[in-house]
Amino acid sequence: MSQTSETRIIIAGFGGQGVVLTGNLVARAALIEGKNVTGMVAYGAEMRGGTAFAAVIVSDEEIACPFVEVPDVAIVLNQPSLDKFEPDVAAGGLLLVNSSLVKRGPRRKDIDYVWVPATDIAQSLGNLKVANLAALGAFVRHTGLIGRKSIEKAVEELFSMKNPAMTAVNLAALNAGMEQSRLEKAASKLQAGK
Amino acid sequence: MAEKVLFKGNELLVEAAIEAGCRFYAGYPITPQNEVPERMSWRMPQAGGVFIQAESEIAAINMIFGASAAGARCMTSSSSPGISLKQEGISYIAAAELPCVIVNMQRGGPGLGNIRAAQGDYFQAVKGGGHGDYRLIVLTPATLQELYDLTLNAFDYADYYRNPVMILGDGILGQMAEPAEKHPYHPILDLPPKDYILDGCKGRNSRVVRTLFLHPADGLMKHNLHLQEKYARIQRELSLVEQYQTDDAEVIIAAYGISGRAAKGAVKAARREGIKAGLIRPLCVWPFPSDVYRRAAERAKSFLVVEMSHGQFVEDVKLAIECRRPVAFLGKGGGWYPSQEEIVEQIRRLANEKSKPSTARGKR
Amino acid sequence: MPQIRFFAERCKGCGLCVLVCPQRIIAMSEELNELGNPFAGLTEPARCTYCATCGRMCPDLAIEIEDDSPSADNSTSSE
Amino acid sequence: MEFHRPRTLKNVLTHYCPGCGHGIVHRLVAEAIDELGIRERTIGTAPVGCAVLFYNYFDCDIIECAHGRPPAVATGMKRMLPDRIIFTYQGDGDLAAIGTTETIHAANRGENITVIFVNNAIYGMTGGQMAPTTIKGQWSTTTPEGRGKHGEGGPIRICEMLSALDGPSYLERVAVSSPKDILRAKKAVKKAFEKQIAGKGFSLVEVLSMCPTDWKLTPAQAVDFVNEKMKAVFPLGVFRDR
């Protein structure tokens, strides 16, 4: 997506939506695939009350700079995060939106959008906390950056350490996110803003 | 091959310290290094060591003073405002020639500042901070692999030279995660026996660890001369620096720590445009690799210093090359991160200016 | 008549008001506000006694009571 | 009855987590300032901790202090401006760990200032480490086996400790974990300011407060934690009144 092999990713949402965990999973899956990866999260007071975000860079080469200013992909889990990061996405990039918590349509014509009802999926699975995994499923499907096997392995690894009982519902959300997401290509967009 | 692990910098630091045999840690919570005391609180007991959450940074550094005098490999960590509080204790530890490792995951200052990463504590780290003539060995890792490796080595430098060693990181280094190989610890130096520690004088003469030299009149002077001899020896012996594409470089970037990563990316990008750029990145800023910069100045046309402050490190670069080449400056304090593109822009400007010497128009 | 107002946009969804209401007539919404929180509201407004217990407990000053009746007690209003 | 935002609190959303007690304590302090009509001659000191952004919420003069130093800063201000009302607003780390010395000595001098001490038995801002007031057995991110297993000592009871000094004029411990407690806390906060206005010397109100986020409890469970666990360790009441 950029001139180098690097893909810069931002994951944003409100505290408690599992932004950090999502970034961790992407990083782990990239590591499983033998890629270089860096992860950064917003921390401390920056994350309280406001939008929390994680930045992940995946690359085939050595990663120079761990900060992400212009993401190639942004995963936004709520409305304030959409407002904050939509303008930052690189032209030709991808914005992945939790459509359950977002009330408006796209504002840019030069990027692709993926819509995934992540919170609705989570609610239907009986656990609001797994909305992030639904979004992650959509990410895996539409970017092809990391393989499905790798992300599933990352989920299993991480939850075997944290909370094994949660593995199944997270995998279910991942899967549902892949199935229920919808890609809206930049080129096919005739009208901007609903 | 060593196991590749995925940790945050602060967590990896703990693993490295414990691997290096650190068995005493005292600290006080402060963002962005909270993961250090948090992980220490359970990893130290597992390793048979001691973790203490001190009531203040002042208390923490004095606990280190005691633990080191008792012979332990020990460490404290904090971030900028907390490191300021520790300065009194650091001066005492340096005066008493006790080994220890002090980690500063810098944040924005001055004052309470903010919790974004910054490099504004450079002067404090390399020029003093506390009172009196003393020096810290100051290590500046830029990647988590370097953080791990330099932390292992830091305990050796501290014991070998009987001197406090500072790991000068920043909020990004502490908070970022990237894979690193977890090498087992092997001493890199032939470590002297700790014949100065206080462990009870059974079977030997009693000892004193002191920093007060009232008598005779020249006692403190002698002590200072002895310290200066040691510092000169460290300067002769210790130089850690990465030179990247410097052989034919016309524009040399000088940067350390996290700024150095962005600078490296910028050098690569500039090279793709056909500009002969190179990077000299110290992994240790005291002693400063002055000779490396001096040699580079014989060939390079100009220098560009990039740092996350309003110009501290730049002074040492200028001193090192004795102002024989123009030195441009790109830096801001308070949590600004240099972007690769900003650095490349400066490199382009300098490359175009190369025919006109001494016209450096740094932002400084 | 007094008016009790719940400011949904200020509500962080802690539910402490639900816990302390002597009439047990406060509930959290199913839907989420812009902050992503469920928000508090009255289930049976007619039974509200305007005791302000919920407001006292609310950490986010999301509940206010106005009273334009002549006997209104202004003891907790501003200077 | 009417029930509104106190004049002294700005109309902004706080950064505090859902169910955090700071918002309640802010209201009580602001109401006391309103009711005493002292807003325009009051100067607050902001601590380091969750209330570090205190100055965004209070519409009176505020000075931001280094961690633990508010009583010393307040001393300097009060001595220079004896007719102003100076209060500190401090958490448990600020007041009872890094600033213990400043607290004890300001109290011992009988410094004519008011200290609002919010005790939630945890370090909130930095993410849930042990506080000096963390109770025995309580989990925190730096006491993963519960406080007391590795020589951390027990909770420091500030009101009891300061009761041993001659200096304080007023010491009371209250809570904000129920409507009844809040009413009592409101009276205590107001009384602490009245002591200062009357020139009686050092006044301190310790407020037991909730931190659901770092206790890893729901707001409802956090209220129970204060009522059942904290009050047992930190008995409520007046420790000094003269």
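Q: What is the accessible surface of chain A, and how much belongs to carbon and sulfur atoms?
A: The accessible surface of chain A is about 7,800 Å², and 52% of that belongs to carbon and sulfur atoms. Accessible areas come from the Shrake-Rupley method with a 1.4 Å probe, and for residues only the protein chains shown count as cover.

Q: Where do these values come from, and how are things numbered?
A: This is a predicted model, in which local features need pLDDT of at least 70 and side-chain atom pairs count only at pLDDT 80 or more, while totals for chains, interfaces and linings use all residues. Residues are numbered from 1 along each chain as its sequence is written, chains are lettered from A and ligands numbered from 1 in the order in which they are written, and side-chain values use heavy atoms, with hydrogens and water left out.

Q: How many helices and strands does chain A have?
A: Chain A has six helices and seven strands. Helices (H or I, at least four residues) and strands (E, at least two) are DSSP runs, numbered from the N terminus. Their order from the N terminus is β-α-β-β-β-α-β-β-α-α-α-α-β.

Q: And what percentage of chain A counts as buried?
A: Of its 194 residues, 59% count as buried, meaning under 20% relative accessible area; exposed is over 50% and partly exposed is in between (1.4 Å probe, protein chains only).

Q: Next topic: how many residues of chain C are in contact with chain A?
A: Four residues of chain C are in contact with four residues of chain A, where contact means heavy atoms within 4.5 Å. The two chains bury about 370 Å² between them, 67% of it on carbon and sulfur atoms. Buried area is the accessible area (1.4 Å probe) that two parts lose on being put together, summed over both. In chain C, the residues that lose the most area to chain A are C:L32, C:E34 and C:L35, together 79% of what that side buries.

Q: Which pair of chains has the most contacts, then?
A: Among the five pairs of chains that touch, chains C and D have the most contacts. No contact joins chain B and chain C, and their closest C-alpha atoms lie 24 Å apart.

Q: Last one: where is B:D248?
A: B:D248 is in the loop between β9 (241-244) and β10 (251-254) of chain B. B:D248 is partly exposed, with a relative accessible area of 28%. Leaving aside neighbours within four places in sequence, B:D248 is in contact with B:R271, B:K276 and B:R299.
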